[in-house]
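Me: I would like to learn how to read a structure like this one. Please take me through its features step by step.

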Amino acid sequence: MRAKLSYAVTAAVLVFYFVLVGSRGVMLIQSGTLITVTFGVAVLILPVIGLWFLWKNTQFVRKANALAAELDAEGGLPVDELKRTPAGRIDRDSADEVFGKRKAETEAAPDDWRSWFRLAVAYHDARDTPRARKAMQRAIALHDGRPVQQL
């Protein structure tokens with residue numbers, strides 16, 4: 001719940017910022033000179049790119065959460081079997097061991113979105129965020145029946 005609230009607050013602040021920057025771009029365009037119009041258009045591009053990125057990221061999180069809920073209903077969420085340090089951080093050797101299991105599971109069933117979801121969690125636990133995101137994207141694509149790209 002805390003993560004959702006934090007995400008919502010961050011998104012709201014970003015949208016406010018995009019509106020503020022966009023209004024400045026419009027003001028520059030309304031000035032009417034060649035330089036200010038050019039600069040105003042350039043300034044307007046930034047909020048458009050930002051809103052697109054925020055939208056795509058929100059869609060990704062929403063779809064990943066839906067997969068997690070579906071997997072939870074099936075009883076297939078990965079069990080947290082990771083060892084932790086006294087400070088509560090995940091032990092690297094433990095994460096690597098679990099990752100090996102998840103990778104083997106995914107290699108045995110490469111078209112199963114569930115195995116890709118669990119592999120994404122293992123990548124995340126091993127602190128490999130880019131690969132975790134790619135694995136989750138693949139899980140989402142397989143679940144939706146869309147063609148998938150190779151990792």
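**Surface, cores and a loop**

Reply: Start at the surface: Leu5, Val9 and Val13 form a nonpolar patch there, with about 290 Å² of accessible area together. This is a predicted model, in which local features need pLDDT of at least 70 and side-chain atom pairs pLDDT 80 or more, while totals for chains, interfaces and linings use all residues. Residues are numbered from 1 along each chain as its sequence is written, and side-chain values use heavy atoms, leaving out hydrogens and water.

Me: What makes a patch?

Reply: Patch residues have over 30% relative accessible area and no salt bridge; like charges are joined within 9 Å, nonpolar side chains (Val, Leu, Ile, Met, Phe, Trp, Tyr) within 5 Å. A salt bridge puts a side-chain nitrogen of Lys or Arg within 4 Å of a carboxyl oxygen of Asp or Glu. Areas come from the Shrake-Rupley method with a 1.4 Å probe, and for residues only the protein chains shown count as cover.

Me: Is leucine 5 buried or exposed?

Reply: Buried means under 20% relative accessible area, exposed over 50%, partly exposed in between (1.4 Å probe, protein chains only). Leucine 5 counts as exposed because its relative accessibility is 56%. Leucine 5 sits in helix H1 (residues 2-31). Helices are DSSP runs (H or I, at least four residues), numbered from the N terminus.

Me: How do I read a nonpolar core?

Reply: Nonpolar side chains tend to be buried together in soluble globular proteins. A core is a set of buried Ala, Val, Leu, Ile, Met, Phe, Trp, Tyr and Cys residues joined through side-chain atoms within 4.5 Å. Here the largest has 18 residues; Leu67, Trp113, Trp116, Phe117, Tyr123, Met136 and Ala139 touch the most other members. Helices H2 (34-74), H4 (113-125) and H5 (129-144) each supply at least two residues. H4 gives the most, seven. A second, separate core of five residues includes Ile90, Ala95, Val98 and Ala126.

Me: What does tryptophan 113 touch?

Reply: Contact means heavy atoms within 4.5 Å. Beyond four places in sequence, tryptophan 113 contacts Leu67, Glu70, Leu71, Glu74, Ala139, Leu142 and His143. Tryptophan 113 counts as buried because its relative accessibility is 6%.

Me: Which phi does arginine 127 have, positive or negative?

Reply: Most residues other than glycine have a negative phi. Arginine 127 has a positive one, about 65 degrees. Arginine 127 lies in the loop between H4 and H5. With a relative accessible area of 47%, arginine 127 is partly exposed.
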